[in-house]
Amino acid sequence: MTEHTDTDIDSSPPTAVHGATPNGEELADDVAKVLETRDMDVFYGDFRAVADVSIGFRFNEISALIGPSGCGKSTVLRSLNRMNDLIPSARVTGEVHYHGANIYAEGVDPVEVRRRIGMVFQKPNPFPKSIFDNVAWGVKINGFKGSKAELADHVEATLRQAALWDEVKDKLSDSGLSLSGGQQQRLCIARAIATQPDVVLMDEPCSALDPIATLRIEELMLELKKDYSIVIVTHNMQQAARVSDRTAFFNVQLDEKGQRTGRMIEFTPTDVLFTNPEQQETEDYITGRFG
Amino acid sequence: MTGTTPEHEEIRHHFEDQLDAIRRGAVHLGSLVLENTKRAGDALVHNRLDQVAEIVRADDAVNELYEELETLSFEVLARQQPVARDLRFLVAITRILYEIERSGDLAVNCAKALQRMEGVTLPPEVTGALERLVHASASLFAGGVDALADMDETAGARLDREDDLVDELCGAFYTRIGAQSEILGLPVAIDLSRVGRYLERIADHAVNIAENITYVVTGDWPHEIDVALEPRNE
């Protein structure tokens with residue numbers, strides 16, 4: 001769609017770009033990962049919010065991050081597309097590899113990172129613009145060179161992919177804010193995928209929605225994973241159990257300085273995590289025996 | 001660390017109380033069936049026709065408690081949406097309840113077979129083999145109920161081995177019946193064979209109960225075969 005020469009991110013498989021990794025032993029298995037953190041710490045000023053996260057997300061899977069408030073799951077999510085750059089005191093150490101390339105390496109354009117790794121937020125936040133423009137906007141600022149008709153085709157295809165087309169096709173010039181909450185969230189998903197990323201990050205995308213709207217988003221996620229890899233943060237464990245292929249459990253731990261730091265406890269196939277988790281800490285949390 | 005509230009504690013305690021009530025109820029159900037199995041075995045060995053009615057009647061209480069516990073298990077499954085060990089427990093307990101209830105029916109079947117054989121005096125060799133089988137089967141069933149009461153994950157593999165003895169004693173019982181078939185007559189020989197089968201099945205149910213407990217506690221089956229998938233020929 002658009003040509004970018006100011007970045008060294010390559011979308012070919014990792015092995016074609018990077019051979020041996022500096023920490024090759026970190027790779028627990030040989031399956032290719034679309035996105036992978038290595039010994040990642042995230043700081044807010046001097047405060048280490050998250051420590052030692054090494055987690056690899058596979059292609060075309062839905063990965064869920066669960067855990068109590070303050071466990072760092074949203075911080076981890078925001079680090080995956082450099083959204084934390086927007087917080088002045090935030091600092092990430094370690095590496096985050098996207099198709100094998102470190103997105104925190106020098107010379108990488110964070111805007112390009114966010115185009116390839118899209119994000120959907122907790123509260124539906126459409127722009128106060130028309131439904132059409134909400135989807136077309138990201139495409140246009142990324143230098144779309146096609147005709148008006150081609151842009152309209154792209155918007156339609158995107159809205160179809162977001163399972164929203166049939167509901168909005170007759171009112172594309174209405175404000176995005178005129179839609180229901182669930183429709184607004186699907187519009188935000190359409191906006192996120194309009195720039196053709198291959199990873200979509202979702203931060204509690206259903207927490208403001210009723211069960212019916214939630215179900216539609218979940219169905220959409222299952223549809224989208226054919227084309228995208230999805231990482232979702234959710235407080236709703238049933239949601240993680242319903243939609244995800246793999247689930248990571250994060251918990252708050254006191255570090256050596258007595259600070260509360262988020263750590264990843266385990267990352268396993270979702271069916272295993274919810275029937276027979278490896279770690280007692282995970283079991284205690286998911287069965288509600290915490291505190 | 002994760003901000004529990006007194007309300008949360010209360011709801012969790014209620015959940016744990018419910019799980020414990022189901023487990024204790026299942027142990028009680030198991031002890032009722034164990035008692036009736038022993039009574040039926042004793043009636044067969046000592047030709048106590050007068051016990052039959054009581055054995056049949058006692059099964060009503062078993063069925064009633066079974067339904068009550070099954071309903072409670074489903075309710076907890078629906079309302080608490082359990083995961084991990086809680087989920088394994090609730091799924092396993094519905095199977096265990098079934099295993100116990102079926103065993104109760106088999107004890108009744110033994111009593112009914114005795115009724116059909118009314119007035120027949122069994123040769124001592126047959127009675128002796130029957131008595132050994134009754135004893136082994138009841139003992140294995142007691143082991144299954146103990147496994148449930150103690151949540152003993154080691155019982156599954158142990159009872160599976162002990163079940164081999166029950167199978168042997170059942171085979172020996174069949175041999176005795178065969179050797180005495182002319183004296184017994186065909187209808188009695190058939191009824192006795194069925195009694196052997198019932199007692200052998202009660203022991204199998206006990207093994208299944210204990211294996212389910214192993215699964216609840218460890219998340220794995222004692223041997224890699226899923227007992228739920230083994231054919232049930234009753």
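In this predicted model, strands E4(A) and E5(A) form a hairpin with 2 residues between them. His99(A) sits in that turn and has a positive phi of about 50°.

**The strands around the turn**

E4(A) covers residues 90-98 of chain A. E5(A) covers residues 101-102 of chain A. The two pair in the antiparallel sense over 2 bridges. Within this pairing, His97(A) stands opposite Asn102(A) in E5(A).

E4(A) has another partner, strand E1(A), which spans residues 33-44. E1(A) and E4(A) also run antiparallel, with 8 bridges between them. Here Glu36(A) stands opposite His97(A) in E4(A). His97(A) therefore faces Glu36(A) in one pairing and Asn102(A) in the other, given that strands pair if DSSP finds at least two bridges between them.

His99(A) has its positive phi although it is not a glycine. Ala163(A), also a residue other than glycine, has a positive phi near 55°. The His99(A) site is the loop between E4 and E5 of chain A. Ala163(A) lies in the loop between helix H5 (148-161) and helix H6 (165-168) of chain A.

| Residue | Phi | Relative accessible area |
|---|---|---|
| His99(A) | about 50° | 4% |
| Ala163(A) | near 55° | 36% |

Ala163(A) is partly exposed, because its 36% lies between the limits of 20% and 50%.

Note on methods
Residues are numbered from 1 along each chain as its sequence is written. Chains are lettered from A and ligands numbered from 1 in the order in which they are written. This is a predicted model: local features need pLDDT of at least 70, side-chain atom pairs count only at pLDDT 80 or more; totals for chains, interfaces and linings use all residues. Side-chain values use heavy atoms; hydrogens and water are left out. Helices (H or I, at least four residues) and strands (E, at least two) are DSSP runs, numbered from the N terminus. Buried means under 20% relative accessible area, exposed over 50%, partly exposed in between (1.4 Å probe, protein chains only).
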